[in-house]
Amino acid sequence: MEDEQSFSDISGGRLSLQRRYYTQSCREFCLNCPRLSLRSLTAVTCTVWLVAYGLFALCENSMILSSAIFITLIGLLGYLHFVKIDQETLLIIDSLGIQMTSSYASGKESTTFIEMGKVKDIVINEAIYMKVIYYLCILLKDPLEPQEISQVVPVFQSAKPRLDCLIEVYRSCQEVLANQKATSTRS
Amino acid sequence: MVENSPSPLPERAIYGFVLFLSSQFGFILYLVWAFVPESWLHSLGLTYWPQKYWAVALPVYLLITVAIGYVLLFGVNMANTSPLDSLHTITDSYAKKQQQKKHQKEAIPALRDVPINEVNKMFFFPAKAQHTQH
């Protein structure tokens with residue numbers, strides 16, 4: 001079953017959340033960030049080239065102009081490949097674990113998997129990040145000390161959705177985790 | 001023993017007056033040192049003064065220190081803020097070692113640090129019946 005809803009991130013940009021309920025114990029959430037807009041791309045390119053032209057007018061060295069073109073191209077490629085994240089996915093499977101995938105604008109994908117034995121809980125935490133924001137995070141426990149939280153893993157770090165989107169994901173994940181706890185205590 | 005209250009007292013009046021007189025004297029002395037030419041001061045016999053350069057330099061130093069202090073305070077605060085993936089946003093050493101007091105009937109429960117998963121359940125699952133655990 002698939003569901004799509006539109007939310008906004010902490011700076012007002014539009015996000016779209018796609019929820020896929022494969023079964024009772026396996027769910028996936030995809031957050032699509034807004035693509036690189038033509039307006040911001042032309043703005044950055046124009047400023048870099050105007051600065052380069054100003055430097056050229058000062059010192060009459062034409063290498064500055066060609067290096068500015070080069071820098072713009074290389075910078076754009078590097079930004080698309082290393083910085084700009086287009087989609088973030090959270091896949092939660094009851095007995096197996098939680099997988100987080102980030103797809104970059106150049107097509108690169110980076111995946112992190114956390115097995116269910118290490119997951120203590122999924123919570124919405126508040127912290128200061130220039131202002132107070134809510135973010136969803138996975139609390140990990142050390143298998144030797146099940147009562148203590150050993151690590152905090154934030155999810156949806158580059159999309160940064162607002163609280164309404166987080167509450168949807170939180171409730172869904174808590175249903176899966178409650179299901180998992182019920183089956184693990186029964187077995 | 002002096003009582004700890006902000007009310008006016010004779011000793012405080014004396015402190016205030018001494019402070020007023022000395023600050024006025026210091027200010028007049030600073031103005032005299034800055035404006036009166038060196039030859040006049042030498043003719044009076046007062047020769048051992050600091051350089052007049054400092055009459056301008058010290059206030060400028062003070063103003064720049066105040067301005068940088070604003071920026072520095074902001075920067076120190078930002079540097080001390082825990083990152084989003086730090087354990088300090090969830091708990092700390094005092095909360096881990098807290099004692100669990102036993103629940104007495106019909107008494108106000110003892111103060112304790114509520115774990116974050118219980119807080120979340122209270123906030124984000126309003127449809128469920130609330131049952132606090134001790």
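Helices are DSSP runs of H or I with at least four residues, numbered from the N terminus.

Helix α1 of chain A comprises 22 residues (38-59), and at 1.5 Å a residue it should span 32 Å, which agrees with the 32 Å between its end C-alpha atoms. The expected span is 1.5 Å times one less than the number of residues. Just after α1(A), A:Glu60 adopts a positive phi of about 55 degrees.

Chain B is divided into domain 1 (11-48) and domain 2 (50-81), with bounds that come from an automatic or database domain assignment. The centres of the two domains, taken over C-alpha atoms, are separated by 25 Å. Their contact (heavy atoms within 4.5 Å) takes seven residues from domain 1 of chain B and six residues from domain 2 of chain B. Between them, the domains bury about 530 Å², with 56% of it on carbon and sulfur atoms; buried area is the accessible area (1.4 Å probe) that two parts lose on being put together, summed over both. B:Tyr30, B:Trp33 and B:Glu38 supply 77% of the area that domain 1 of chain B buries against domain 2 of chain B, more than any other three residues. The count of salt bridges between these domains is zero, a salt bridge being a side-chain nitrogen of Lys or Arg within 4 Å of a carboxyl oxygen of Asp or Glu.

Between the chains, 16 residues of chain B are in contact with 22 residues of chain A. The area buried there is about 1,700 Å², of which carbon and sulfur atoms give 67%. B:Leu84, B:Phe124 and B:Phe125 supply 39% of the area that chain B buries against chain A, more than any other three residues. Salt bridges between chain B and chain A number zero.

Residues are numbered from 1 along each chain as its sequence is written, and chains are lettered from A and ligands numbered from 1 in the order in which they are written. In this predicted model, local features need pLDDT of at least 70 and side-chain atom pairs count only at pLDDT 80 or more, while totals for chains, interfaces and linings use all residues; side-chain values use heavy atoms, with hydrogens and water left out.

Definitions and conventions: Helices (H or I, at least four residues) and strands (E, at least two) are DSSP runs, numbered from the N terminus.
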